[in-house]
Amino acid sequence: MNILNPRFLNDQIQVDPYLTFNGNCEEAFNWYKQIFQTEFNSLVRYKEMPEGPAMSEAEQDRIIYISMPISDYVYLTGADATEGMPVEVGKNVVLTLTLSDEGQMKQIFHDLAEAGEILMPIQQTFWADLYGMVTDQFGICWRINYKLAHYI
């Protein structure tokens, strides 16, 4: 099986915490970098997005994606919310699943969506072949990727 992300071991599901901030993502991740004694492996700003949304110059400098390893198997990931859609503290932690099997990805997404709410249907994105977002019946938000691209 061709896997773009080398963190997979034996086709396991990769689970990473995803943190969302209201403009201070870079500050928070610089602090976490010191705590975990690690380095960023990815940092992408809104202005670097292909076909990015219209936004102020200051907002374009916000982070759309950042990640860093905090163990051999877990990456701390995150982003800044846009000014028009701020995140509520307490609802700013999401679990991100990355799978190497498309069928398994779709099945897990649909199972989590049962009695929950689909926030973004499964679709192709510039960072993954397929991606979807769902809140399960217990209020937990999940972001699910299939085959990550070069941004991750």
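**Exercise 1.** Which residue's side chain meets that of glutamate 88 in a salt bridge, and at what N to O distance?

*Solution.* Start with the ground rules: this is a predicted model, where local features need pLDDT of at least 70, side-chain atom pairs count only at pLDDT 80 or more, and totals for chains, interfaces and linings use all residues. Residues are numbered from 1 along each chain as its sequence is written, and side-chain values use heavy atoms, with hydrogens and water left out.

Next, the criterion: a side-chain nitrogen of Lys or Arg within 4 Å of a carboxyl oxygen of Asp or Glu. The partner is lysine 91, at 4.0 Å, N to O. Both glutamate 88 and lysine 91 are exposed (over 50% relative accessible area; buried is under 20%, partly exposed in between, with a 1.4 Å probe and protein chains only).

**Exercise 2.** Work out where the glutamate 26 and arginine 45 salt bridge sits.

*Solution.* Distance comes first: 3.0 Å, N to O. Now place the ends: glutamate 26 is in helix H1 (residues 25-36) and arginine 45 in strand S2 (residues 42-45), 19 residues apart, so the pair links distant parts of the chain. Helices (H or I, at least four residues) and strands (E, at least two) are DSSP runs, numbered from the N terminus. Then check accessibility: glutamate 26 counts as partly exposed because its value is 31%, while arginine 45, at 16%, counts as buried.

**Exercise 3.** Describe the salt bridge of lysine 106 and glutamate 102.

*Solution.* Their side chains meet at 3.0 Å, N to O. Both residues lie in helix H3 (residues 102-113), four residues apart, about one turn of the helix. Lysine 106 has 34% relative accessibility, so it counts as partly exposed; glutamate 102, at 32%, also counts as partly exposed.
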